[in-house]
Amino acid sequence: MIAAIKPAGSNTRGLLAYLYGPGRHDEHTDPHIVASFAMLGMPDPGRDQDATLTQLARHLDAPVQLRNSEFGKKATDHVWHCPVRTAPEDRHLSDTEWGEIAQRIVEAAGIAPPGDDLGCRWIAVRHADDHIHILATTVREDGRRPKLHSSGIRIGDACRQIEKDYGLRRLKKGDRTAERQPAQTEMHKAQRLGWEQTSRAWLQDCIRAAIPHASNAEELLAYLEADGIAVKLRRGPSGDLLGYAVGRPGDLNKDGEQIFHPGGKIAPDLTLPKLKARLETTAPEEHPTARRDRPTSPWHRATDALDTLQAGTTDNTHAQAHITALGELLEVTAQKAPAHLHAELRAASKAFARAQRSQIRAENQAAHTLRQAARDIAHTATGPDDSALAALLAALVWATIIAARWHEAKNHAHQTEAARQTLHHLQAATDRALTPVVDSLATRQPGDHVRRALAHDVRAAIPDHADRILTDPAWPALAAALADAEAGGHKPHRLLQEAAARRELTTARQPARVLIARIQHTSRNPAPNLRAEAARRRSTVALAPSGHQAGNAQPTTAPTTHVDQQHHPARRH
């Protein structure tokens, strides 16, 4: 059940004319009152032909007129309007049931608190099987205005209980982080102009698409303006940016002027302060060795960066920051991926926008590495190869699973559902991206002797999932990937253990395909040569600054390395 409070109005008679009229498309049938305040005391215009809408409007407005005459100040925006609708699959409720529901909603809103005989005047009109409209005038019988602050939350809670009591479809409880639903006027305007989306929905998509391309709020707004979007800035006397609003080209008011929407009215996480906190983070200090070992491909760097989310954290503010940055990486991946994956990845990114935000404040600095990975992809001119893309998408799938589990643990129902919808689209894209990789590997699978040795590695490294892996249709391709890695100096047993540690396989529908993506990513470079590394360390000591004389240097020997206790016969491709 959805109860949507409309913006306050001032024309009681005009709203009654709509409720009792034929509707915009002749959809209103048999309009009549199903509930009202206790002292209505007049006939229903829908049942008595002598009763008029003007009389009913005057009766409902009586406390408003009395307040105006006593205080000498006209009460404005006094018409409260709340349609209440059941789900399409719900049963049709009787007039009595709708009347009981209307009473519970006006009580929850504060329009007519229970036991308060001086509440506001209100009626509930039914003109269809699946919904009613509640109209109230927000001046009480004692001349005071009702306390309607947070009435939407209270009404939402009442609707969740009504659904349970009347056996209706149960919706999830809101948390005030959803974007505003479009008004009827917005939807009709979009339809009239041939737009697939309302202006606010379109602008939200544009802003989210631009975020990975910017490192601060000024850059973001300049990027939007360069893309043809109307931008209006609010600056202080010092020139500092204080606020912004954006407008869709062609979205004009009746005077032909551009209509602008503030960021906070588009989505709760698109206010200027939140965008600044999200974009203007600084890079953490990095050890020179880590800088040297960093992958050169932004696609591989993004896959590595996702490990920061996969590792998990007990700090909720850090977890929220990583999930927000994950949405940015999803968005830019959708922009840069091959055309045949665009539809699924765009749907995944759009769905995840709802999972990006919650009531938990994000410590955005914690997610700088992940956000920087998204920016690097945004600014790269080259697309990924098949294996790099498959590895990134597989990592995104697992990161989304982690995000869904975190939201579920925090009882974030809407965000959990959004993450699950994202997962559906991501898995479809990942399957398509992996297909050419698996097919290529399958054409050059190793011989039986090597496959048996590799199967032994699988059973030793991942015993709990070995049977599923070895019976997976992609097992021959996985064997080829492991053989390639071994030829590059990597140990298959260790690669399998590392891959399973990065991504638990219980939820994997096809574990061999999941392992292929991870192992190809991990083994893309030849294994480090320990002897060469030791020689490099010795040369570093020998070339030390003059303050460290060679005669005082201690002899350096190559470190003793652990040799695998498992010895397989020599494997040949």
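**Exercise 1. With which residue does Arg-301 form a salt bridge, and how far apart are the closest N and O atoms?**

Before the solution, two notes on the model. This is a predicted model, in which local features need pLDDT of at least 70 and side-chain atom pairs count only at pLDDT 80 or more, while totals for chains, interfaces and linings use all residues. Residues are numbered from 1 along each chain as its sequence is written, and side-chain values use heavy atoms, with hydrogens and water left out.

Step 1. Recall the rule: a salt bridge is a side-chain nitrogen of Lys or Arg within 4 Å of a carboxyl oxygen of Asp or Glu.

Step 2. The partner of Arg-301 is Asp-376, and their closest N and O atoms are 3.4 Å apart.

Step 3. Helices (H or I, at least four residues) and strands (E, at least two) are DSSP runs, numbered from the N terminus.

Step 4. Check the exposure of Asp-376: its relative accessibility is 23%, which counts as partly exposed. Here buried means under 20% relative accessible area, exposed over 50%, and partly exposed in between (1.4 Å probe, protein chains only).

**Exercise 2. Which residues of helix 9 are buried, and what do they pack against?**

Step 1. In helix 9 (residues 272–279), the buried residues are Leu-272, Leu-275, Arg-278 and Leu-279.

Step 2. These residues lie on the same side of helix 9 because they cover an arc of only 130° around the axis. The arc is taken from the directions from the helix axis to the C-beta atoms.

Step 3. List the contacts (heavy atoms within 4.5 Å). The buried residues of helix 9 pack against helix 6 (199–210), helix 7 (217–226), strand 7 (241–247), helix 12 (316–336) and helix 14.

**Exercise 3. What is the volume of the largest cavity, and how many residues line it?**

Step 1. Set the rule: on a 1 Å grid over the protein atoms alone, a cavity is a set of points where a 1.4 Å probe fits but cannot get out, and lining residues have an atom within 4 Å of a point. Grid points are joined across faces, edges and corners, and a volume is the space filled by probe spheres set on the points.

Step 2. The largest cavity has a volume of about 180 Å³ and is lined by 13 residues. Thr-430, Asp-431, Arg-503, Arg-509 and Val-514 lie nearest its centre.

Step 3. Helix 16 (413–442) is one of the elements giving two or more residues to this lining, and its four residues are the largest share.

Terms used. On a 1 Å grid over the protein atoms alone, a cavity is a set of points where a 1.4 Å probe fits but cannot get out, and a pocket is an open set with protein on both sides within 12 Å along at least five of seven lines; lining residues have an atom within 4 Å of a point.
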